[in-house]
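Please look through the sequence and the structure shown here before reading the notes below. They are written for someone meeting a protein model of this kind in a first course.

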Amino acid sequence: MTGKKKNSKPKSLDKPTASPPAEEASYFVTSGVANNGPGSPMLQGNFAGPPTKDPSSSYLTGSDPEISGDGTEVIKSDGYLEPHREYFGQRFAHFKRWVRDIELSEGGIDKFSRAYESYGLHVTAEGVRYREWAPGAKEASLVGDFNNWDVAANPMTRNDFGVWETVVGNTADGQAGIPHGSHIKVTFVTGSGERVYRLPAWSRYVTQDLTKSPIYEAVFYNPPQRYTFKNKRVVPEADLCIYEAHIGISSPEGRVATFKEFTQNMLPMIKDLGYNAVQLMAVMEHAYYASFGYQVTSFFAPSSRYGEPDDLRELIDTAHGLGIAVFLDVVHSHACNNVEDGLNQFDGTDHCYFHEGGRGRHELWNSRLFNYGHHEVTRFLLSNLRYWIEEFGFDGFRFDGVTSMMYKHHGIAYGFSGHYDEYFTGNTDEEAVVYLMLANYMCHRLYPGFVTIAEDVSGMPALCRPVPEGGVGFDYRLTMSVPDMWIKMLKETRDEDWDMVQIAHQLTNRRYQERAITYCESHDQALVGDKTLAFWLMDKEMYTNMSDMSPLTPVVDRGMALHKMIRLVTCGLGGEGYLTFEGNEFGHPEWLDFPREGNGSSFHYARRQFNLVHDENLRYKYLYRFDRAMVHLERQHHWLSAHDQWVTLKHNDDKVLAFERGGLVWIFNFHPTNSYADYRVGVAWPGKYNVALCTDDAEFLGHSRIDASVDHFSTPLEWNGRPNYIQVYLPARTAVVLKHD
């Protein structure tokens, strides 16, 4: 079994085909309204309000007026979609049929998506009720420690829809018939007469004892006391700064870290840095640790490697108390190929939860592909989303592998050019796209303010437009081409040849009215086989010259300067949200590699060395300080949710890039040797400007070449297409952000 190969991407990365097509346009307006200056209003949140629970809601009764249209509203904001009007109408009709059918057969999507309350194991007044969908089975029984694994003790009965059920009666003293902590399985007799044993598909807690077997065991989780939430849920802010993290590696020690350790050690640090959201990877249980969590075996179980489910509840509750939203990395794009402790061949057939044959298999990931057009599969997946929201309090989802879901070719060896025919022809898997529409519609209508993020490299138009307009409904997409641009430049291009026009174009090339989360590097760039930005910049000198007691070598000086500048320009210009992967904010010196057969099952690289930041003799603290200053500046000026963005200057000879955003003026001198005195930069607003942030400050291991006490006054003459200009000193490899007084 292998993990999901995160570098198995289509040949051409995300190329958002903006309307009108993005050329080298300098002006970009996220909402269609230009900002008139530093005092312009900012968005105050992604949405607002508590979850919709009113049973009389038009949404819950299936007569939601918001979906009364024909799904072609998206064409108004992108005329290039007009030739595909029929496709959008057909897709939206497909979506509405799902909503209608769920209403008629299930009483509405709210009830339909709460199947986790009835499927699986539940303690009732009569005993422990167990319900499971397994249409291919001929017989079924619940077995475990509680009945000495006797297949005849608790047989299950089947209804006309292939749903099996049994009740394990209470004990004589009124206790639940299955004690807390009991090991359990469901056993089926298949159509061929074979008896098979499976973990319940809705298992909420599964454990692994590697001293006995790598196979996971289902555990009945019914503790005498449950964790009680103390804090209100968080409505994610409009200007998202996301800290992407993996629980197990969040320790300097070579072992699996825990939920409780993350709560105690990581959350205060994330708060100190200023990030307002944490995105948790590898939470859904996965048998193979080295899969990075992308080979899910038990979809309703938080990984027991990190602790018990209540430990995760405490983590999320504590984050909410700190004002931090918590997002879950959701893997609905595929499932692990495991049979004994996964969903594969669950009822003895090839097609219970998945497509049968080749359509049900991902050839690169060695995994199974869901049948999104099946009623019970959709019940399972939508209920899985509701479960993580209701039971744990997650505030958003990052949907992994969206490209693989949306196309029949799964993006394998496919080069997206950006031509619209690539998105709206026979290549597209309409069943999967409609499932994503249902998922987004449900999350946003039931939980105003909930955030959904798509990992898509194809640039699918209308992916991040609301479902009622005919879009797929995501709030954000990841700008996956941006980190690739930086890595390619560091690998292949001399500093003297960096192209300011290309940098500006790549950072601003995103679809009109579709928000994006940008980043310089995520977990993808930290994996073994690749290098982080810090490693590309400083390589082996990270092991020898990162001490303040050693000379500041040219390699480290360059690396520290560019590390800060790359992060700043990406955060400032690249999207409507920003993301970092844990450790990269301070230039973590090593790659990430999980214990596996190929490395002797070593944990040496499956950790994050946060101790380096706390060592005052080392230089990592300077990058940490800069990241904190940058994020806190965003918290003050909210440029990610600002309505303005104007690229003022892209000068390739001088290697200078300048732009306005969020009422701030950003100036970057990427030239490796040239410094400029009295450099003119056009600005929109007349008056006084002073330094808000400078990468060259001594606090960040700079050379203190810019005096922050100096004010800059504008001159009322047009420059760079702006009505005023200021003159500034620009040292080599330095960026400065100015605020208008």
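The points that follow are grouped by topic.

The model is predicted.

- In soluble globular proteins, nonpolar side chains tend to be buried together.
- The largest nonpolar core here holds 190 residues, and those that touch the most other members are Tyr353, Phe397 and Trp486; helix α7 (residues 430-446) supplies the largest share of this core, with 12 residues.
- If neighbours within four places in sequence are set aside, the residues in contact with Phe397 include Leu328, Val330, Trp388, Cys443 and Phe450.
- Another core lies apart from the largest one and has 20 residues, among them Leu649, Val665, Val683 and Ile706.

**Two packed helices**
- Helix α4 (residues 309-321) packs against helix α5 (residues 375-392) with the axes 10 Å apart and at an angle of about 70 degrees, which means that α4 is roughly perpendicular to α5.
- On the α4 side the contact is made by Pro309, Leu312, Arg313 and Ile316, while α5 contributes Trp388, Glu391 and Phe392; sorted by class, the contact has five nonpolar, two charged and no polar residues.

**An open sheet and its helices**
- Six strands, in the order β23-β24-β25-β30-β27-β28, make up an open sheet with antiparallel pairing.
- Because β23 (646-651) and β28 (712-713) stand at the edges and each has a single partner strand, one side of each is left without a neighbour in the sheet.
- Strand β25 (residues 664-669) and strand β30 (residues 734-740) run antiparallel and are joined by six bridges, and Ile667 has Val736 in β30 as its bridge partner.
- Helix α13 (residues 554-573) lies across β23, β24 (656-661), β25, β27 (688-694) and β30, and runs at about 40 degrees to β24.
- Helix α15 (residues 620-637) also packs on the sheet, where α15 touches β25, β27 and β30 and has a direction that makes about 140 degrees with that of β27.

**Two single residues**
- Asn337, in the loop between β15 (335-336) and β16 (361-362), has a relative accessible area of 26% and is therefore partly exposed; beyond the residues up to four places away in sequence, Asn337 touches Gln295, Asn344, Asn366, Ser367 and Arg368.
- Gln502 belongs to helix α9 (residues 500-508) and counts as partly exposed because its relative accessibility is 35%.
- Although Gln502 and Asn652 are 150 residues apart along the chain, their C-alpha atoms are separated by 9.7 Å.

Definitions and conventions: Residues are numbered from 1 along each chain as its sequence is written. This is a predicted model: local features need pLDDT of at least 70, side-chain atom pairs count only at pLDDT 80 or more; totals for chains, interfaces and linings use all residues. Side-chain values use heavy atoms; hydrogens and water are left out. Helices (H or I, at least four residues) and strands (E, at least two) are DSSP runs, numbered from the N terminus. Buried means under 20% relative accessible area, exposed over 50%, partly exposed in between (1.4 Å probe, protein chains only). Contact means heavy atoms within 4.5 Å. Axes are lines fitted to C-alpha atoms, for helices over the stretch in contact, and angles run from 0 to 180 degrees between N-to-C directions. Angles under 35 degrees count as roughly parallel, over 145 as roughly antiparallel, 65 to 115 as roughly perpendicular and the rest as oblique. Ala, Val, Leu, Ile, Met, Phe, Trp, Tyr, Cys and Pro count as nonpolar, Asp, Glu, Lys and Arg as charged, and the others, Gly among them, as polar. A nonpolar core is a set of buried Ala, Val, Leu, Ile, Met, Phe, Trp, Tyr and Cys residues joined through side-chain atoms within 4.5 Å. Two strands pair if DSSP finds at least two bridges between them.
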